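Visitor: I would like to go through this model with you. Could you put it up first?

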Amino acid sequence: MKKLLATALALALGGGAALAETYTVTVTNTLSEELLAPIVVTGAENDKFIFTGGYVTPEAEDQILTGDPAKLVEAIGMNMAGVGHGMDGPPGVLLAPGDSVTFEVETEATTLRILAMIAPTMVPDNYVTAVADVSAGHEVTVSLDRYDIGNDEGTKKITAVAESVGMVKISRGM
């Protein structure tokens, strides 16, 4: 009822702007041995804060190399990105293989970008990402693909490594 009233009010005031939706995001780490660092979810229109040329922005590079999403979230905007934390590994914010984490994100975006560092216990400077179109339907599932940013190799070029190393299920709130 509240959404219906908010939509009617927005239309009555002449605004056709999209209203924010709340999404429940569940990320499952299907890697066999590696952990995922905190997971950033933002509208895909914010990719300009993540990717530049054939590489990543300094803020995204910091997240991918350190696992700390703070600089990236600050660049995107605190209210424009959500972060999910696991409860594993030191320092207790990583997502272990086989585990899942569920958190909520509120956004007006209809296409979401999911991004997380793979903890560098086995291979440095790798991350996972996916894009999910949440515009059509109540629930969508996408796979996380793995990439290398080429930092330790000195190439600073993004290279695809593996497909489907994690799963993301996104449900629209009611």
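Visitor: Which residue in strand 10 stands opposite Val142?
Guide: Strand 9 and strand 10 (residues 159-172) pair in the antiparallel sense over 9 bridges. Pairing here requires that DSSP finds at least two bridges between two strands. Strands are DSSP runs of E, at least two residues, and helices are runs of H or I, at least four residues, numbered from the N terminus. The residue opposite Val142 is Val168.

Visitor: What kind of model is this, and how are residues numbered?
Guide: It is a predicted model: local features need pLDDT of at least 70, side-chain atom pairs count only at pLDDT 80 or more, and totals for chains, interfaces and linings use all residues. Side-chain values use heavy atoms, with hydrogens and water left out, and residues are numbered along each chain as its sequence is written, from 1.

Visitor: How many bridges join strand 8 to strand 9?
Guide: Strand 8 and strand 9 form a hairpin with 5 residues between them. Gly137, in the turn, has a positive phi of about 125°. Asn126 stands opposite Asp148 in strand 9. The two strands run antiparallel, and the number of bridges is 4.

Visitor: Is Asn29 buried or exposed?
Guide: Asn29 sits in strand 1 (residues 21-29). Buried means under 20% relative accessible area, exposed over 50%, partly exposed in between (1.4 Å probe, protein chains only). Asn29 has a relative accessible area of 0%, so it is buried.

Visitor: Which backbone oxygen lies 2.9 Å from a polar atom of the Asn29 side chain?
Guide: Contact means heavy atoms within 4.5 Å. Leaving aside neighbours within four places in sequence, the contacts of Asn29 include Leu95, Gly98 and Val165. The Asn29 side chain also has a polar atom 2.8 Å from the backbone nitrogen of Leu31. The backbone oxygen at 2.9 Å belongs to Leu95.

Visitor: Which residue follows helix 2 and has a positive phi?
Guide: Helix 2 spans residues 58-66, and its buried residues include Ala60 and Ile64. The buried residues of helix 2 pack against several elements, among them helix 3 (70-76) and strand 7 (111-118). The residue after the helix has a phi near 85°, and it is Gly67.

Visitor: How far apart in space are Ala75 and Pro58, C-alpha to C-alpha?
Guide: Ala75 lies in helix 3. At 26% relative accessibility, Ala75 counts as partly exposed. Beyond four places in sequence, Ala75 is in contact with Phe49 and Glu59. Ala75 and Pro58 are 17 residues apart in sequence, and their spacing in space is 10.0 Å.

Notes:
Polar contact = N/O pair within 3.5 Å; in protein donor to acceptor, adjacent residues only side chain to side chain.
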